[in-house]
Every structure is written in C-alpha cells, then in structure tokens.
Amino acid sequence: MTNRVALLTGATGGVGRVVAETFAAHGYRLALAARHADAVEALADSLAVPTLALTADVTLPEAAAEVVQATKADFGRLDVVVHLVGGYAGGKALPEIEIETWERMLRLNLTSAFLIARAALPLMHEHDFGRLLFVSSLHGHAPGKHVAAYAAAKGGLETLVRAIAADTRGTGITANAVAPGIIDTPANRRAMPNADTSAWVAPERLAAVLLFLASEAAADINGAILPLRGRG
Ligand SMILES: NC(=O)c1ccc[n+]([C@@H]2O[C@H](COP(=O)([O-])OP(=O)(O)OC[C@H]3O[C@@H](n4cnc5c(N)ncnc54)[C@H](OP(=O)(O)O)[C@@H]3O)[C@@H](O)[C@H]2O)c1
C-alpha cells in the first residue's frame with residue numbers, strides 16, 4: 001500500500017477504469033481526468049480512496065496545465081502520472097489518410113503527452129520523485145498495415161518518453177511506457193465480436209505492469225518501452 005498521489009488522464013476509458021481500480025486498491029489517492037464530467041464523477045465516486053474528478057481536454061495547453069495544477073492544489077503533491085489518453089485511426093493506405101486524421105492522431109497520442117509531462121515535471125522536481133507513465137502500442141515500434149498516422153504518433157510518443165528519460169537522468173524521476181497489442185476492452189469486444197480474445201492483453205495485467213513501474217522498486221527503469229504482446 002502507498003499514500004502517493006497519481007493523476008490518470010483518460011481514466012474513464014476501457015483501460016483507464018481498470019488502472020484506476022488497480023491503483024486505488026493499492027492506496028493511491030487519485031486525480032481522474034477525461035472530457036465527459038458525468039463519467040469521471042461516476043468513476044471517482046465508485047472508488048474507495050480519496051479522488052478528484054477533473055474535466056478537461058488535455059490536448060489543449062492550458063487545460064493540461066490546469067489538470068496538473070488542480071491535482072497539486074487538492075492533494076499537495078503529484079507523484080505519478082499515468083497518461084492513458086490516446087486514440088486509434090486505421091484502415092486506410094497512406095494516400096487516403098486525411099490531414100484531419102493525421103493531426104488528430106498527433107494531438108491525441110503525442111501532443112497531449114508532451115503537454116502533461118511539461119506541466120508535471122516541475123512539480124515532481126520539487127520533491128525529487130516522479131513516475132511518468134505512457135501507453136504506446138506495438139504499432140509505435142513495428143507498424144502493421146494501414147495505420148501510418150497512429151503508428152507515427154505512437155512512435156513519436158516512444159521517442160518523447162526516451163527524451164524525458166534522458167532529461168531526468170540522475171534524478172528521482174523516471175519516464176516509461178507500455179506498448180500493448182490489442183487490449184481486451186469492451187470497445188474492442190464490440191468491434192471484433194468473433195475474435196479470439198484469449199490472445200489479447202488483459203487490462204488487469206497491463207495495470208499491474210503500470211503499478212510496478214510507478215513503484216519505488218522500479219527506480220532503476222527509465223526510458224523503457226515495454227511491449228505487451230498478449231498471447232497472439
Ligand atoms: N484499446 C486497445 O486495444 C489499445 C491498444 C494499444 C494501445 N492503446 C492505447 O491505450 C490507451 C487507452 O486506450 P483505451 O482503449 O482505454 O481508450 P478509450 O477507451 O478510447 O479511452 C480514452 C480515454 O481518454 C479520454 N480522452 C479522450 N480524448 C481526450 C482528451 N482530448 N482529453 C482528455 N481525455 C480524453 C476518454 O474520455 P472522454 O471521451 O470523456 O474524454 C477516455 O477516458 C490509449 O493511449 C490507446 O492508444 C489501446
């Protein structure tokens with residue numbers, strides 16, 4: 001058990017909910033952020049730890065900064081960020097990808113991560129402890145077919161993680177990412193009703209990896225991108 005404070009962005013998503021429950025079960029006080037207030041508040045109310053429900057679009061610089069500042073204002077500190085915000089677009093060969101899709105992928109998966117890290121790092125330096133955790137994808141390192149915009153954005157995220165790790169070397173702050181294959185979320189089950197879900201990544205196991213990376217025991221891991229392939 002811990003009494004550390006974690007900010008989870010994208011907390012109401014298929015992965016975020018399980019991460020929130022896992023961190024709450026280990027004593028974390030939680031700031032939970034997403035754009036839809038009702039969902040964030042319902043999730044916050046369901047957890048048996050002190051929570052703060054935040055409504056924000058973290059692709060916007062001021063909103064990302066406000067989420068981080070609100071966490072510090074409420075709990076007095078910020079120890080861990082799990083940045084779960086991200087989104088997928090695929091199914092088109094590169095000449096068919098609209099500029100809007102390209103820019104949306106970059107904003108959601110890459111710019112949001114930069115903005116949250118930029119806001120959180122100064123607070124973490126105040127007490128020389130911090131864990132910045134991100135969610136890439138197997139496509140970020142080894143793109144499949146027809147996912148160029150998503151893959152480029154997640155590849156950029158992975159480079160950002162390694163760059164933060166270089167910046168924080170020699171401090172108590174680390175930055176790491178997990179890079180999962182298909183995760184067993186309700187949305188994926190709806191989208192692929194005939195798939196063999198036993199090959200997918202269980203969100204509980206993904207959350208357990210993030211929980212470890214957030215811990216003191218993971219102090220020597222900085223700049224890692226951990227592939228979670230599931231059993232496929
Ligand atoms: N699902 C998979 O199979 C899979 C595989 C590999 C990697 N990943 C990555 O894992 C992460 C989580 O995936 P997921 O399946 O849980 O996604 P999800 O179900 O779509 O959830 C996304 C979460 O982010 C929030 N969100 C979206 N845009 C936002 C914004 N601009 N500002 C603030 N919050 C925002 C959503 O809530 P609101 O709509 O209320 O804002 C929701 O809480 C993502 O980075 C994704 O790319 C997922």
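Let me start with the largest nonpolar core, which has 36 residues, and in which Leu-7, Val-68, Leu-78, Val-81, Leu-132, Phe-134 and Ile-164 touch the most other members. By nonpolar core I mean a set of buried Ala, Val, Leu, Ile, Met, Phe, Trp, Tyr and Cys residues joined through side-chain atoms within 4.5 Å, where buried is under 20% relative accessible area, exposed is over 50% and partly exposed is in between, with a 1.4 Å probe and protein chains only.

This is a predicted model, in which local features need pLDDT of at least 70 and side-chain atom pairs count only at pLDDT 80 or more, while totals for chains, interfaces and linings use all residues. Residues are numbered from 1 along each chain as its sequence is written, and side-chain values use heavy atoms, with hydrogens and water left out.

Turning to one member, Leu-78 touches Val-5, Leu-7, Val-68, Thr-71, Ala-120, Leu-123, Met-124, His-127 and Phe-129, leaving aside residues up to four places away in sequence, with contact meaning heavy atoms within 4.5 Å. There is also a second, separate core of 33 residues, and Ala-24, Leu-84, Val-178 and Ile-183 are among them.

Now to Arg-4, which is buried, with a relative accessible area of 16%. Among the residues that Arg-4 touches, not counting those up to four places away in sequence, are Tyr-28, Arg-77, Asp-79 and Glu-216.

For the chain overall, buried residues make up 48% of the 232 residues, and the C-alpha atoms fill a box of roughly 50 × 35 × 30 Å, taken along the principal axes.
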